[in-house]
Amino acid sequence: MRPVETGVMAAKDMAFRPVAAPFWSRLSPRTLKVLLFVVCLVPLARLFVLGFSHGLGANPIEFVTRSLGTWTLSFLLITLAITPLRRFTGQGQWLRYRRMLGLFAFFYGMLHLTTYLWLDQFFDWGDILKDIYKRPFITFGMTAFLLLVPLAVTSNDRSVRALKRNWARLHKLVYPAAILAVLHYYWLVKLDVTQPVIYASVLSLLLGLRVWWWWQKRVPAAKAGNAVAPALASRGRQG
Amino acid sequence: MAADSTPRIVPTEITPESVYEKRREFLKGSLALALFASLPVQAALPAWRKTAWGRDESPNTWEEVTTYNNFYEFGTSKEDPAKNAGSLRPRPWTVSVEGECLKPRAWDIDALTKAFPLEERIYRMRCVEGWSMVIPWLGFPLAELIKQAQPTGKAKYVEFVTLKDTKQMPGQRWPVLDWPYVEGLRLDEAMHPLTLLSVGIYGKELPKQNGAPIRLVVPWKYGFKSAKSIVTIRFVEKQPTTAWNAAAANEYGFYSNVNPEVDHPRWSQARERRIGEFFKRKTEMYNGYGDQVAQLYAGMDLKKYF
Ligand code: HEM
């Protein structure tokens, strides 16, 4: 009886040793997803609470626009962090939440854009077009947002199935979108670039990892290819 | 336009009740601060008179004017100055009037406010970032001080220098701008009757985050021209190198007159959001003070001298 018990313990230990078992490991993936969904709405809820409690400061419209912009970018970065998380933890379950997080980036981006169109420009389309054309920071923001549109539209199971391999290819657009979003931020600040530089660093890390992995995968292939190189070189010398 | 006939009255008689209400609201959070702020402060400013400047404007609230500030010496976000300016010590304070003048003098701040009669003027203030406020300033025309100092024929410009002291101004630990903050005006701009040296708002001493104890107010120029917490006023022959101009010459010109037709390279200046208003309003040439100041720039290419 005793040995059996220890045996069970040992098996459990092995299964959980890499990560300390957090409370949510006992929840079902579905419950977790719902929980995460609610958490993702907190930044929006916060704005409502602040709005009703006189907490948005002297320039509430600016506060809301900026807060929504910050969260759009944050959700983009969080979405981009999923693949590294999966690789570092060795747990595929992270992928379950990736599309939802990406959609939240789009959702906040849409609200952010709406505050600009409505509260900043009051739908003066002439001025808006001029702004998009003349102001690099608006040009970058707009391009970033437009790149996210096809991704949002195809963030459903049917599209994943229909597009097959092209789905992953299409969704690589999130990389230029994130880069443009950071440039958007960098270009709009007056002088103190601390914040955009922080976001840029996180993005560089996240994209850098992908470049590194890609390189790692390429190296063995390159080595195999190298075997041909000396032959070529010697042939070259021979004339 | 200035109504010089208005009789002298003490501050409490004229500041609108609503303003005091707002102020009370603002200070409610900290009773100790409220006591500290109201007692010595009211005693420090001599009596002042009301003028006709901006009587038709409705000023922003005390809370808006004192919690939404650009004062990089205390941090680069709008909320930072109100949070961090506590370390500034506006007394004792000396303003050195120097350079190309016959009567240079190191003025004690309290001597200054006694020597030059204070008046209240309600001015619009337009920030280069595209927002604006209406503020009831308390101060005296800079021209009075300049006349007293008797600038020489060499004095073509006036330079204003803000305090540099990282202990009092923690934001100066970061080289966001090349400290100390320097601003400048052409002598005729400095002598213009609209140009004010301000020591208060709403009948009270200037709050620290608004540039205590003494600051410049040049209402037809973008807000950053109005240097805060001034320690030096210097008459010079050459156009001074000003802080924002040095930081980004293509974005912030020496003149920086409010001009809806000359955009900031990165954003439009055609409109502004008056703090407290929902819709944006059109920005006016020279911030609406063109009648009085346009002749200063007659014949100048305002796109070139922006
Ligand atoms: C993926 C898309 C976008 C992202 C990630 C993004 C992100 C941001 C960020 C981080 C900020 C600065 C927030 C702060 O100062 O704390 C910001 C501000 C802003 N963004 Fe966006 N943005 C995006 C798209 C857009 C679009 C499409 C527009 C308009 C066409 C736009 C207009 C603005 C404006 C007007 C501001 C505020 C500028 C100011 O208050 O000075 N953004 N955005």
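Reply: Of the 239 residues of chain A, 33% count as buried, where buried is under 20% relative accessible area, exposed is over 50% and partly exposed lies in between (1.4 Å probe, protein chains only). Before going in, note that this is a predicted model, where local features need pLDDT of at least 70 and side-chain atom pairs count only at 80 or more, while totals for chains, interfaces and linings use all residues. Residues are numbered from 1 along each chain as written, chains are lettered from A and ligands numbered from 1 in written order, and side-chain values use heavy atoms, without hydrogens or water.

Now the ligand. It is surrounded by 21 residues, and A:Arg66, A:Gly69, A:Thr70, A:His112 and A:His184 are the closest; a residue gets in if one of its heavy atoms lies within 4 Å. Four helices of chain A, namely H4, H5, H7 (136-153) and H10, each put at least two residues into this shell.

Go to the iron atom next. On the protein side, its donors are NE2 of A:His112 and NE2 of A:His184, at 1.9 to 2.0 Å. A donor here is an N, O or S atom within 2.8 Å of the metal (3.2 Å for Na, K and Ca), and sites may look incomplete because water is not among the atoms. The two histidines bring distant parts of the chain together: A:His112 sits in H5 (residues 98-120), A:His184 in H10 (residues 174-188) of chain A, and 72 residues separate them. Both A:His112 and A:His184 are buried.

Why call the iron site octahedral? Its 6 donor atoms subtend angles of 85 to 179° at the iron, and that makes the arrangement octahedral. Ideal values are 90 or 180 degrees for six octahedral donors and 109.5 degrees for four tetrahedral ones.

Away from the metal, look at the oxygen atoms of the ligand. A:Arg66 has a polar side-chain atom 2.9 Å from one ligand oxygen. For A:Thr70, the distance from a polar side-chain atom to a ligand oxygen is 3.3 Å, and A:Tyr185 also places such an atom 3.3 Å from a ligand oxygen.

Helix H4 of chain A deserves a look of its own. It runs over residues 60-89, and at 1.5 Å a residue its 30 residues should span 44 Å; the end C-alpha atoms are 41 Å apart, which agrees. That expected span is 1.5 Å times one less than the number of residues. H4(A) has a kink of about 30° at A:Ile82, shortly before the proline A:Pro84, the bend being the angle between axes fitted to the seven residues ending there and the seven starting there. After H4(A) comes A:Gly90, with a positive phi near 70°. There is also a C-alpha separation of 9.5 Å between A:Ala81 and A:Val202, which are 121 residues apart along the chain. A:Val202 belongs to H11 (residues 194-226) of chain A and, at 36% relative accessibility, is partly exposed.

Most residues other than glycine have a negative phi, and most peptide bonds are trans. A:Phe123 has a positive phi of about 55°; it lies in the loop between H5 and H6 (125-134) of chain A and is partly exposed at 39%. Over in chain B, B:Tyr286 has a positive phi of about 50°, but B:Tyr286 is buried, at 6%. Chain B also has a cis peptide bond between B:Arg91 and B:Pro92, omega about -10°, and another between B:Trp179 and B:Pro180, omega about -5°. B:Pro92 is in the loop between helix H5 (80-84) and strand E3 (94-99) of chain B, and B:Pro180 in the one between strands E7 (157-162) and E8 (182-186) of chain B.

Terms used:
Tetrahedral: all angles 85-135°; square planar, octahedral: opposite > 155°, others 65-115°. Polar contact = N/O pair within 3.5 Å; in protein donor to acceptor, adjacent residues only side chain to side chain.
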